[in-house]
Amino acid sequence: MAEIVAVNHLSKQFNEVHAVNDLSFSVNEGDVYGFLGQNGAGKSTTIRMMLTLIRPTAGEIKFFGKELYANRNEILKKIGAIIERPDHYKYLSAYDNLSIFAKMSGIKVTRKLIMDQLDMVGLADRSNSKSKTFSQGMKQRLGIAIALIHNPSILILDEPTNGLDPQGIADMRNLIIKLKKEMGKTVIVSSHLLSEIELVANRMIIIHKGKKIAEGDVSEMLDPSNTVVLVETTDNTKATSLLSAMPGIHLTHTTDDRYIHISLDKNDIPQTVTQLTSAGVGILSLRPRHSLEEYFLSLTNNTTHVETFTNRTV
Amino acid sequence: MWKLLQIELYKISKKPRTYIAFIAITAIVFVFQFAFKADGKAYLDFMAQDVTDSFVFDKSKAINGYFMCYIILNTLLVQVPILVALVAGDAVSGEANMGTLRLLLTKPVSRTQIILVKFIASFLFTVSLLVWMAVTALFLSMAIFGVDDMIIFRSKGDVSQILQITKDDVMWRYFAAFAYAAVALTVIASLALLLSVFAENSIGPIIATVCIVIVCTVISNINVPIIDKYAKPYLFTSYLVGWKGFFYINSTDDGETLKGTMENWPAVRNSLLNLLAYIAVFLSATIIAFRRKDILS
């Protein structure tokens, strides 16, 4: 697939704070590209720079091979976006909101087009209701309709599940998958939740304190041979001793009193359990967690990250 | 651009706060008209007490539609900047507060276009306010009080004057005065728009605009030579009341007013040019600031 977005050495400095620091990545046509990082990692700043809302201190952003700022209007015609909250003109109806942003996108607006779009997001029967009367989920759906009304090639969704209930989160997830599979859109989606990214993205980047930590295919980054298991036993001291002597198992984390953190191939878990129980160590619980998740959480919790993953970072 | 302007005007027309200004103007005008209908003669006696010895006029005809409009404009044009700031101060900051600014700026429209459209929309709002003032304060007063020669009371230094303008020489002066007022109020609108760029809620720029207008107006009214020389020429508020110049008519040595004349057209013209310069400065500053602004809201 052709490279559709190229971000090169992008930086943004607010006074003394480096919100984004020498960030480079690329997105291919048809990707659902996950943008993962904890709150304050620089995800929103990067996305806002990609939408010309924030001017970079340094670096270059290209869409379709063209420099963003030199071809701003041409490029923005091909991009739809939801940035954090789905805000609209509260004093206007869903129809008016959609109509206004459609006109601003430079497309020919007809009543049928607007109603079809509202119908697609399930708001056709509320077309004349003011958006201030909408629930968060409905506002998000209206935001999606606005983002899609001009049939963009790329959708940029910044934390699109923020504030949504579980059903809304599931709907958003399904929509992203549908956008890729049925409509062939390229989607860039940010989140601070790995589980969200894991379910929708085929490629992703992890950023932390404005810097890239990792980038690659989600399937490779979530390789099952990198599973971390949190083991809770009746005798953690004895279990630690036994596990450290077993081949193919690495102790990854020693600061947790309750769980022993081990890294191993997922297929070796049954055999490991058998060996522990045979040695008289009772298993109270086993919590498999992928090394990427462990790694990401270690960033979030500001603890030591998993060694096995660091070898795979870009 | 035209499509953007239509959108902006539509948004303004749908905001409830837009109509506060029209309601306020209507209420104030009606209070004036009621008061003068009920007891206008007392006002006239009070105003004319210093000049009745030297100037004779028919008080029963003095309170007419033209006179009423002049009295109302004298009071109202001091308050209208607040009403203009209500809309112009909300133009960008209101969008930032609502969260629509970031959505607006991801559309293929330049930031300069957005500011120009918001400026034009604020100007058209100002003009529509003045048209409404003309309808209520001038035409409605003409219907209620009738039409006759217009009497103006003027303090020039320590001297009180009465100017009389014949009824067939008044209307063009009102058109000119309203046009001047439109320019003067557009200065306020462009100032409010500039302040609006730096804020993320509407209250700040609206209050800041009103405060600046009040402070500058107070300074403009201090009659001390050093302020006359070094401050007043640079304050836009010094030129806001320049519309009155259209009603200061020339007269002969015998005191007879000369139809179609103005006492000091060059001063009015210079005031107008100063106001236009202020609009250019405020608008340019707004465009520059907005183009450089990082949208963090």
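B:Tyr174 and B:Phe178 lie four residues apart in helix α8 (residues 171-197) of chain B, and are therefore separated by about one helical turn; helices here are DSSP runs of H or I of at least four residues, and strands are runs of E of at least two, numbered from the N terminus. This is a predicted model, in which local features need pLDDT of at least 70 and side-chain atom pairs pLDDT 80 or more, while totals for chains, interfaces and linings use all residues. Residues are numbered from 1 along each chain as its sequence is written, chains are lettered from A and ligands numbered from 1 in the order in which they are written, and side-chain values use heavy atoms, without hydrogens and water.

The two rings form a tilted pair, 6.4 Å centre to centre with 35° between the planes. Rings of Phe, Tyr and Trp (its six-membered ring) pair if their centres lie within 6.5 Å; planes under 30 degrees apart count as stacked, over 60 as edge-to-face and the rest as tilted. B:Tyr174 is buried at 1% relative accessible area, and B:Phe178, at 11%, is also buried (under 20%; exposed is over 50%, partly exposed in between, with a 1.4 Å probe and protein chains only).

Let me turn to the interface. Here 31 residues of chain A contact 26 of chain B, contact meaning heavy atoms within 4.5 Å. Two salt bridges are counted between the chains. In one of them, B:Asp294 is joined to A:Lys12, with the closest N and O atoms 2.8 Å apart; the criterion is a side-chain nitrogen of Lys or Arg within 4 Å of a carboxyl oxygen of Asp or Glu.
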